[in-house]
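This report is for a reader meeting the structure for the first time.

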Amino acid sequence: MGLLDSIVGNVLGSASGPGAMPNAQNPLGALLGSLGGGRGQSAGLLMAAMSLLQQNGGLPGVLNNFRQSGLGAHADSWVGTGSNMPISPDQLQQALGSQSIGNIATQLGMSQGQAGSAMSQILPELINQLTPNGQVPGDHADLISKGLSMLTGR
């Protein structure tokens, strides 16, 4: 099973609702499960985060946006092998734009504040999971495209 199969499979398998048990082996799945909303909402949040990556130039583009917004230490911590620095919804909007977060809110039927809060939790962990060796993989664009395809069932 590849990296992406593992991420998507673990997220969809473990994020079965607010009562899902946290799993140290699957921090992204545990995070999505803790946000509530069940499996469908978790898949929607993960799809939104992956789409956000894809629409902003993949991993390098998103990381560059954070660096240009003065949040390079945050971005580097997500790629690195240490702990992830948290980011606020406001910082996320500063780096990626309020329109991006607004689109996610509309897509998922939630407020812009809820979408910003969810993405500020999910995006660092997703980037962390997609860079397990402390660097952006050469096939990052393919990983994101395949992940979106898996989530949409195509």
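## Surface and burial

The accessible surface of the protein chain comes to about 7,100 Å², and 48% of that area belongs to carbon and sulfur atoms; areas of this kind come from the Shrake-Rupley method with a 1.4 Å probe, and for residues only the protein chains shown count as cover. Of the 154 residues in the protein chain, 49% are buried, where buried means under 20% relative accessible area, exposed means over 50%, and partly exposed lies in between (1.4 Å probe, protein chains only).

This is a predicted model, in which local features need pLDDT of at least 70 and side-chain atom pairs count only at pLDDT 80 or more, while totals for chains, interfaces and linings use all residues. Residues are numbered from 1 along each chain as its sequence is written, and side-chain values use heavy atoms, with hydrogens and water left out.

## Helices and contacts

The protein chain has nine helices and zero strands, with helices (H or I, at least four residues) and strands (E, at least two) taken as DSSP runs numbered from the N terminus. Among contacts in the protein chain with a separation of 6 or more, 64% are between residues 24 or more positions apart; a contact means heavy atoms within 4.5 Å.

## The nonpolar core

The largest nonpolar core has 36 residues, a nonpolar core being a set of buried Ala, Val, Leu, Ile, Met, Phe, Trp, Tyr and Cys residues joined through side-chain atoms within 4.5 Å. The elements that give two or more residues to this core are α3 (38-55), α4 (58-68), α5 (72-79), α6 (89-96), α7 (98-108), α8 (112-130) and α9 (140-152).

L53, F66, L96, M119, L123 and I127 have the most contacts inside this core. When residues up to four places away in sequence are not counted, L53 touches G58, L59, V62, L123, L126, I127, L130 and I144.

The structure holds one aromatic pair, formed by F66 and W78 in an edge-to-face arrangement, 5.0 Å centre to centre with 85° between the planes. Rings of Phe, Tyr and Trp (its six-membered ring) pair if their centres lie within 6.5 Å, and planes under 30 degrees apart count as stacked, over 60 as edge-to-face and the rest as tilted. F66 lies in helix α4 and W78 in helix α5, 12 residues apart; F66 is buried at 0% relative accessibility, and W78 is buried with a relative accessible area of 0%.

D76 lies in helix α5 and is partly exposed, with a relative accessible area of 40%. D76 and N128 are 52 residues apart in sequence, and their C-alpha atoms are 9.7 Å apart in space.
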